[in-house]
Every structure is written in structure tokens, then in C-alpha cells.
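Here are my notes for you on this one. Have a look at the picture first, then go through the points with it open beside you.

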Amino acid sequence: MAENKSRNTKLNFNRIINYINALSLSIIIIIFVILTGVILLLYFQYKETNNNLLKEKKEKIYGTYVNDIFQKILLLSYSSPFLSYLHAGETSRNLLEIELLKNFNMYVSKELIGYKLFDHNNNFLSSVGKESDTYLILELCYLNNTINPTIGRCKAYLHVFFNFAAVLKKISNLDASWNHCSNCYQFEIKNGAILNGIRIIKNNNFVIPYEIKRDKNEQLLYSFLIALIFLLIFVCIAFYINGLTLKKYIIKPVSNLFEYVQTSRSNGSFLLEEIFQVAEKVDELRLKIATAEREKQQAEFMKLAQVAHDIRSPLAALNVFLNVINELPEDKRILARNAIYRIQDIANNLVKKQQNIFQSENKALSEEEESIQLISSLVESLISEKRMQYTFNSSIKIEFEHNQNAYNTFAKVQPNEFKRMLSNLINNSFEAIENEGKVILSLSALEGKIHLKLKDTGIGIPENILPRLMEEGHTYNKKGGTGLGLSHANKLIKNWGGSFSIQSQVNYGTTISMSFAKAISPAWFLSKLSIPENSLVVVVDDDESIHSTWKEKFKSLIDANITLQHFIHPSVFFTWYDDIKKTLNKNIFVLCDYEFMNSSENGVSILRKLNISDQSVLVSSKFDDSTLQIECEKFGIKLIPKCLVYLLPIFLEKGISKNSSFSDKVKDYNVTNDSEVFAVLIDDDIFMHDLWKLAAKDKCIVCFQEPESFFVQMHKFRKDISIYIDSSLSGNKKGEEIAKEIYQLGFKNIYLATGYHPKHFPEMPWIKEIRDKTPPWFN
């Protein structure tokens with residue numbers, strides 16, 4: 001019985017070996033067929049691509065040469081002696097013929113060997129040079145001394161004679177891979193074609209048959225294909241030989257082991273079932289440990305989520321209280337609101353982490369979405385919090401350094417993560433200062449980048465420890481530190497497309513440098529304030545301190561006859577405006593707060609009631625409220641963050657008429673009927689504005705130097721209007737990115753008017769056409 005059992009076992013292993021051999025052979029064949037097919041496909045794709053490139057190259061060479069020829073002919077047709085001769089009568093032409101012949105000789109070359117001139121009735125006028133069997137007959141039509149084949153008056157026929165051998169030699173000089181041929185595609189100019197504004201009446205033998213020598217890489221690729229096929233055959237053979245080795249060194253020993261186990265088991269000396277049971281127990285124990293760890297982690301997050309849930313109710317009550325109380329001064333109201341928002345963000349983040357407990361640990365650093373944020377405002381509000389937090393420590397000062405270009409500093413970040421990250425870094429700086437010292441934050445914008453530096457006068461970090469602090473788990477001179485602060489900040493900023501670096505010197509302090517890509521400012525944001533001469537600037541705000549700030553800002557414009565009028569309560573402003581609006585002979589510009597104590601009015605309702613939205617700006621500490629931003633964009637109202645008024649650039653505009661709309665340089669568009677506007681041009685080159693308007697003649701063209709100016713006035717344009725935008729705008733702004741924003745706002749007829757070739761750009765479905773900077777209606 002035991003012998004039969006052993007024999008069956010051997011038979012079963014022989015069957016397994018046969019299955020493995022058959023499977024190996026099948027895999028070899030499948031791999032061979034797939035790889036051969038892929039290589040052949042790549043070869044034919046390369047060949048087709050190469051053919052297309054050769055065709056494009058041939059057409060480019062021909063086009064370059066023909067364009068060069070017609071540039072010379074065009075220069076001849078515009079030359080003064082030539083035009084004078086055409087416009088002169090028969091008597092005057094005899095006097096002008098010598099000058100004409102001299103002029104003709106200037107345009108005779110090795111390939112352009114002669115010219116013959118006939119009037120429009122085919123009467124011979126003059127000739128120069130030699131004749132040949134290869135020539136073109138051109139019709140010259142002029143409109144105001146400018147070539148115009150469609151509506152110009154036709155003055156003459158010009159016969160241009162060519163030296164065919166010289167033509168072929170000139171083309172061969174353009175490209176070394178050029179080769180003349182007899183039975184190949186011939187390039188020729190069709191009768192009736194118009195080149196450089198000149199109509200071709202007849203083409204006699206001006207055909208250029210040539211081809212481009214094929215790239216040697218194609219033959220190399222073919223050789224590589226043959227070598228690769230032989231390599232595959234060799235690999236398959238080696239794979240088969242390896243299968244035989246596998247049989248000898250793996251399958252056969254396993255077979256012998258199996259026989260040994262069977263024999264030992266029948267003798268009762270080998271208990272295979274016990275081994276299986278031990279393995280199952282190990283797997284079960286490992287699963288229990290993993291489950292326990294998971295449950296423990298979930299329990300901790302559940303506790304945190306419960307804390308977050310419990311504090312939401314008192315937070316809601318604080319929010320309601322903050323919105324209804326009118327007696328609280330605005331600076332205190334801003335501080336309280338920022339503190340409540342931070343607590344809400346922390347609570348929401350705890351709940352989100354609890355909800356995502358079962359998701360992968362390798363997810364993004366934060367679930368918060370990136371959005372366009374005003375970095376200067378985020379830093380300013382955080383510094384206010386830190387000053388309150390460290391009020392007890394008067395020996396350490398926190399300062400904020402900036403210049404005027406720090407005002408318009410928008411970047412795409414996660415706002416809560418940004419403030420949390422910067423808050424941790426500031427805390428580190430305070431902890432590094434043992435006695436007296438400073439923590440200094442500086443903000444600037446340069447060449448499309450926003451630069452933020454955090455500097456302290458603390459104990460510093462040794463040079464050998466500095467690199468390790470960028471790794472998780474490493475900390476320095478900080479009890480209970482987790483070592484996540486710097487590494488987390490580094491990952492966050494790089495995730496936002498920025499850069500992060502740290503420099504330190506023992507006993508002198510540490511400097512952390514961060515940079516972010518500058519984003520386009522949103523439509524509601526006022527990037528700069530332009531005030532006309534002889535203007536009355538009205539400040540309506542219940543915060544008395546802001547009036548002093550505005551007085552300081554406008555000190556430099558007193559000589560330009562800029563006067564200020566101040567109001568604390570909206571009702572007083574309403575009464576005053578009704579009294580003077582008809583008699584005042586000055587421009588009125590209003591700087592209005594959004595929130596007012598003890599008043600049912602807000603800034604938007606005030607400006608809309610008085611119908612002065614186009615000559616007003618909201619100045620509010622609630623500028624980051626998305627509802628207010630949407631409302632401002634809807635009604636075309638610009639918004640200034642109140643906390644950044646001291647950074648706002650103010651410019652004096654000259655020559656603005658009374659009651660023009662002049663905020664943010666959008667005063668140049670004042671069309672009351674949008675159907676009058678034919679097209680919009682956005683280009684920072686004033687010369688292009690003049691050129692397009694000149695070409696448009698009686699059409700109404702509206703031009704903007706900056707995209708922000710267009711966004712302010714876009715509600716006045718039809719959605720189907722044609723918008724032309726340059727690719728390279730001032731401030732390193734990309735026209736194609738601006739065009740995408742305009743497209744998302746509902747405008748569909750958007751053209752990129754640029755000096756770059758269309759192949760320079762990727763596919764952009766929001767762009768209807770990429771064209772040159774010539775006005776599209778230019779005749």
C-alpha cells in the first residue's frame with residue numbers, strides 16, 4: 001500500500017513538472033510576440049513622424065526662400081523712384097527713367113537676373129538685366145502708395161526673371177541636407193496666389209523640385225530592431241535553460257522532501273499538522289495586535305473629536321455675541337474674531353482627523369484645500385495674536401518689517417496650515433531667547449516671488465545639528481519637543497511650490513527663509529489707489545484710528561489739491577452727500593468701512609444706495625470673508641484690507657474729469673452701452689493700444705494695461721465679446737493663465753495675441769486661437 005502511495009506521488013510530481021515546462025514555453029512565446037509587436041509599432045511610428053518632420057522642413061525651406069525673394073520685390077515696389085515713375089505721365093517718365101534703371105539695378109542679383117515693366121494695358125515701359133525661361137508676372141496694385149491687391153488701383157505688371165541654377169544653389173545654402181531631384185514633389189507658386197500683398201498673374205517654369213536627405217537615425221533604429229530581436233531570442237533560450245536548472249535544483253529537492261515527509265508521517269515521526277497549527281496561531285496573534293493598536297488609536301481620536309464637538313456650542317455663542325455687540329471697538333473685535341476662527345479651525349481639524357481614521361497614513365499633509373490667500377494679512381493677524389500671547393514677556397519684542405511691495409502678496413496656500421506652521425516657528429524663536437531679544441518677521445515681493453523671513457536673536461543652532469533638524473524626530477534644546485516643527489514646515493512649503501531654508505549661528509540667532517510663488521490678485525482686491533488732481537476724498541469709518549492713518553497716507557498729495565472729509569456715522573454722510581453732490585466741482589472718492597456700530601447699514605448697501613460704486617472703495621477688516629468678496633465682485637466694488645492700509649500704494653492721476661471712475665486705473669473705459677464695444681485688448685504695451693485703435697478706425701476698442709483693470713470692469717462687457725490678451729504681461733504675469741480665469745467667468749471668445757509661435761504653447765482649450773499681435777481687422 002505504501003509503495004502504491006509513493007508511486008502516485010512521483011507521478012503527480014512528474015505532472016507538475018510537465019505543467020511548469022508548458023507554462024514556461026507559453027510565457028516565452030507571449031513575451032516574444034508582445035515585445036516584437038511593440039518594437040515594430042515604435043519603428044513605424046518613428047518612421048511616420050520622421051516623414052512628417054521632413055515634409056515640414058521642406059516647406060519651411062521653400063517658404064523662407066520665397067519670402068526672401070518677395071521681400072526684395074516688395075522693397076522695389078515701395079521705392080521712391082519706382083513709385084514716382086509709375087505715377088508720372090509719359091513726358092515725365094522719360095526724365096525719370098535713368099533714376100528708375102539705377103533703382104532696378106539695386107535689386108538685380110545672381111538669382112534675380114532681370115525685370116521688365118509694363119503698364120496696366122500691357123504697354124512696355126522699361127527693362128533691366130537679362131531674360132530667361134523662368135519668370136513670374138506680378139500685378140502691382142496700390143492704395144495710397146501701399147500695396148493692396150484687393151481694393152487698390154492696379155498700376156503695372158512686373159516681369160521678374162530668375163537664374164534657375166542660382167536659385168537652386170541659394171536654396172542649398174539654406175540647409176545642408178537639401179538635395180535636388182527630378183522625380184519628386186515640386187514646389188511652385190500657383191497662378192492667382194497673393195504673396196506679401198502682390199498677386200501672381202503667371203508662373204512660367206518657376207518650380208523647385210527638391211527633397212531632404214533622410215536622417216541616419218532611421219537606419220540605426222532598423223539595425224537596433226534586428227539586434228533587439230536576436231537579443232530576445234537569446235533571452236528566451238536562456239529562460240528555457242534556466243527552467244531546466246530550476247527543475248534540477250528546486251523542483252527535484254522539493255519532491256524528495258515531500259516524499260520524506262510522507263514517509264515520516266506514515267511512521268508517526270513527523271507531525272505536519274502541528275506546523276500548520278503553529279503558523280495559524282502566529283497569524284491570529286499578529287492580527288489581534290494590529291486590531292488592538294487600531295482600536296487604541298481610534299479611541300484617542302474619538303476623545304479628541306468629542307472635545308472638538310463640546311467646544312463648538314460655546315464658540316457658536318461667541319460668534320453670535322461678536323456679531324450683535326456694537327460697543328466693542330474694532331481693533332478688539334478683529335482680535336476676538338481671529339481668536340475664535342483659530343479655535344474653530346483646530347476643532348474642525350480634529351473632527352476631520354477622526355473621520356479619516358481608516359484612510360491611508362500616507363495621505364497628504366492636510367485635507368484643507370489650497371486657495372489664493374493674502375500672505376501679508378495672514379502674517380499681520382498672527383503677529384497680533386502672538387503679541388497678546390506673549391504680553392507677559394516684555395523683554396522679548398516681536399516686530400514686522402515690510403516695504404510697500406509687501407501689500408499685494410497673494411499666494412496659493414492652505415491658510416490654516418500656514419498660520420499653524422508659522423505660529424509654531426514663532427514659538428520656537430521665543431523659546432530660543434533666554435533673556436532679552438527680538439523676533440523679527442520681514443515680508444517682501446520680488447520678481448514673481450513672495451519672500452518671508454523669520455529672524456530671532458536666540459541661542460542659535462550648531463552647524464553640525466542644523467541639517468538633522470529638517471528630518472522628522474530631531475529637535476534641539478527643547479524639552480518635550482517632537483521634532484516635527486521644521487520638517488513639517490519644510491514639507492508644507494515645498495508642497496505649495498515654494499522653498500524653505502534655515503541659517504543659524506551660535507549665540508547670534510537663527511534666520512528661517514521661506515518663499516512662495518506669487519499668485520494673481522483676485523478681482524475684488526485693489527492693488528493700488530489712483531487719485532485724480534483736485535479731488536475730495538471722503539473717509540466713512542467708525543474707527544477713529546483709521547482716520548489718522550488716512551491723513552498720514554494723503555500728506556504727500558496735499559500739493560495736488562487733494563482734500564479729506566471725515567465721517568464717523570453713515571447717517572451724517574448720507575445727509576452731507578445729498579446736500580453737496582450737485583454743487584461740488586471736484587471729483588469725489590469714497591473710502592468706506594463695511595461694519596458700523598449702532599447702524600443697520602453696511603458699506604455695500606451705502607455705496608449702492610448712493611450709486612457711487614465706481615468711485616468708491618470698501619476698507620474692511622472682514623475682507624477675507626468669502627461672502628463679502630463675492631458681493632464686491634458682483635457689484636464691481638474694490639476692497640482694501642483695513643489692516644494693510646498703511647502699505648497701500650497711492651498715486652496721483654492727472655487730467656481726470658469730474659466724477660470719472662478712477663479706482664485702480666480703470667478710468668479709460670466709460671462706455672454706457674456695451675453693444676458699442678467691438679473688442680477688448682489686454683496688453684501692457686501702450687504702443688500696441690494706439691496701433692489697434694488706429695487699425696480699428698470707427699470700431700470701439702477698449703484697451704487695458706493690467707488684467708486687474710479688466711476684472712473690475714468685466715461686468716460691463718457682453719459674454720460673447722472678443723478678448724485679445726498678450727502672453728507676457730508686466731509683473732511676470734502669463735496671459736494664458738489670465739485667459740483661463742476670464743474663460744471660467746463666462747467669456748468664450750478669447751484670443752492669445754503674442755509674438756511667440758503657437759507651437760511654443762501647450763494645448764489650451766480655453767483659448768480660441770493663438771495669433772500674432774497684428775490687429776485682426778487690419779487690411
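1. Searching the whole structure turns up 1 cavity of 30 Å³ or more. A cavity here is a set of points on a 1 Å grid over the protein atoms alone where a 1.4 Å probe fits but cannot get out. The points are joined across faces, edges and corners, and the volume is the space filled by probe spheres set on them. For the largest cavity, that comes to about 70 Å³.

2. A word on what you're looking at: this is a predicted model, where local features need pLDDT of at least 70, side-chain atom pairs count only at pLDDT 80 or more, and totals for chains, interfaces and linings use all residues. Residues are numbered from 1 along each chain as its sequence is written, and side-chain values use heavy atoms, with hydrogens and water left out.

3. What lines the largest cavity? Its lining includes Ala 523, Cys 632, Glu 633, Phe 711 and His 715, where lining residues have an atom within 4 Å of a point. Sorted by type, the lining has 6 nonpolar, 2 polar and 2 charged residues. In that scheme Ala, Val, Leu, Ile, Met, Phe, Trp, Tyr, Cys and Pro are nonpolar, Asp, Glu, Lys and Arg are charged, and the others, Gly among them, are polar.

4. Next, the disulfide (a pair of cysteine sulfur atoms within 2.5 Å). The whole structure has 1, and it joins Cys 141 to Cys 154, with the sulfurs 2.0 Å apart. Cys 141 sits in strand β3 and Cys 154 in strand β5, 13 residues apart; strands are DSSP runs of E, at least two residues long, numbered from the N terminus. The link is right-handed, with 80° about the S-S bond.

5. Are the two ends buried or partly exposed? Cys 141 counts as buried because its relative accessibility is 2%, while Cys 154, at 22%, counts as partly exposed. The cut-offs are under 20% relative accessible area for buried and over 50% for exposed, with partly exposed in between (1.4 Å probe, protein chains only).

6. Finally, find the open sheet of 5 strands, ordered β12-β14-β15-β17-β16 with mixed pairing. Two strands pair if DSSP finds at least two bridges between them. β12 and β16 stand at the edges with a single partner strand each, so one side of each has no neighbour in the sheet. Further in, β15 and β17 run antiparallel and are joined by 8 bridges, and Asp 456 has Thr 510 in β17 as its bridge partner.

Key. Helices (H or I, at least four residues) and strands (E, at least two) are DSSP runs, numbered from the N terminus. On a 1 Å grid over the protein atoms alone, a cavity is a set of points where a 1.4 Å probe fits but cannot get out, and a pocket is an open set with protein on both sides within 12 Å along at least five of seven lines; lining residues have an atom within 4 Å of a point.
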